[in-house]
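Hi,

Here is the model I said I would send over.

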Amino acid sequence: MGQSIRIIGAPMDYGADRRGVDMGPSAIRYAGLADGLSRAGVDPTDSGDLSIPRAEERDPDAKQPSRGNAKFLREVEDVCTRLADRVEQTLADGEFPLVLGGDHSVAIGSMQGSSRDADLGAIWFDAHADLNTPETSPSGNVHGMPLAATLGRGTFEDQAWATAPRVREGSIAYVGLRSIDDRERKLLRDSEMTAFTMADIDEQGMTSVVETALDVATTDTDGVHVSLDLDWLDPKTAPGVGTPVRGGVTYREAHAALETVSRRHESGGILRSMDVVEVNPILDEGNETATLAAELAASTFGKRIL
Ligand SMILES: NC(=[NH2+])NCCC[C@H](N)C(=O)O
Ligand SMILES: [Mn+2]
Ligand SMILES: [Mn+2]
């Protein structure tokens with residue numbers, strides 16, 4: 001039997017403006033995630049979803065930014081705290097946590113849980129930098145803030161539920177950036193993170209970019225977290241996302257990227273945790289974005305063409 005993968009659903013949409021990402025975990029499962037993982041040679045078990053009240057059942061005032069400019073921050077805190085515990089427990093049980101979002105703010109919980117017992121590097125496959133703080137965010141949506149939260153920037157400085165002290169800036173690499181807010185650009189430039197934009201992929205090719213990103217994330221760390229935001233892909237290939245940006249990664253580039261991660265994992269066991277986020281079935285066409293999410297997870301865990 002291959003590695004044991006524990007699927008954890010986090011159907012949360014507090015962090016995004018457009019409703020529907022809470023249905024992401026169901027759509028990805030329906031698209032054949034567990035089957036694809038089994039065929040890739042690993043051993044998946046599904047631990048179900050975290051229970052997350054709908055936004056309507058929450059305090060209507062929660063939409064009004066309270067702490068800085070961040071909507072539903074307390075609700076996100078509640079979910080991420082429980083998710084972090086699940087991720088930590090999964091690792092303690094010797095299994096690999098595969099978290100299904102939900103909007104990208106679930107990554108705050110995944111990374112917190114995954115790094116409680118380890119120095120953690122990260123690869124962020126995304127069109128967006130997700131580095132806004134409540135102070136710099138133009139939208140107030142927490143899905144644009146998970147890395148700021150993990151790194152304890154701005155309002156997050158004193159938020160122990162969010163910050164992950166064992167995730168160092170220098171061990172984080174972005175792949176595929178193409179939409180960065182003005183104030184976020186300055187934060188990113190002044191940081192120690194490694195950022196590969198779409199232009200870098202044009203020039204160097206996906207495989208070589210991902211190899212370098214892996215070098216960054218594995219240097220002086222105990223393992224790597226992969227965060228896969230489906231808006232990383234071009235909207236023609238992955239239409240079911242809330243914040244699409246044209247000029248994204250192609251279908252083949254995406255598989256090449258995750259197969260590169262997979263090969264490194266096969267030879268060195270580098271991966272520690274992963275989340276697959278931002279699939280919005282309401283905006284999707286024939287569940288193709290969820291299907292792609294499931295396929296990319298299978299590629300990460302060893303599925304090959306031949
Ligand atoms: N995970 C995502 N889809 N993030 C989109 C973020 C968009 C924008 N930068 C914001 O802060 O609102
Ligand atoms: Mn994104
Ligand atoms: Mn994102």
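Leaving aside its neighbours within four places in sequence, which residues is H104 in contact with? They are G15, D130, H143, P146, D229, V277 and E278, where contact means that the C-beta atoms, placed from the backbone, lie within 7 Å.

Before the rest, some housekeeping. This is a predicted model, so local features need pLDDT of at least 70 and side-chain atom pairs count only at pLDDT 80 or more, while totals for chains, interfaces and linings use all residues. Residues are numbered from 1 along each chain as its sequence is written, and chains are lettered from A and ligands numbered from 1 in the order in which they are written.

Back to H104: you'll find it in the loop between β3 (96-101) and α4 (106-114) (DSSP runs numbered from the N terminus, helices being H or I of at least four residues and strands E of at least two). H104 counts as buried because it has 32 C-beta neighbours inside 10 Å; the cut-off for buried is 20 or more.

D229 sits in strand β7 (residues 223-229) and is buried too, with 27 such neighbours inside 10 Å. Not counting residues up to four places away in sequence, D229 touches H104, F125, D126, V277 and E278.

Cheers

How values were computed
A residue is buried if 20 or more other C-beta atoms lie within 10 Å of its own, exposed if 12 or fewer, and partly exposed in between; C-beta atoms are placed from the backbone. Two residues are in contact if their C-beta atoms, placed from the backbone, lie within 7 Å.
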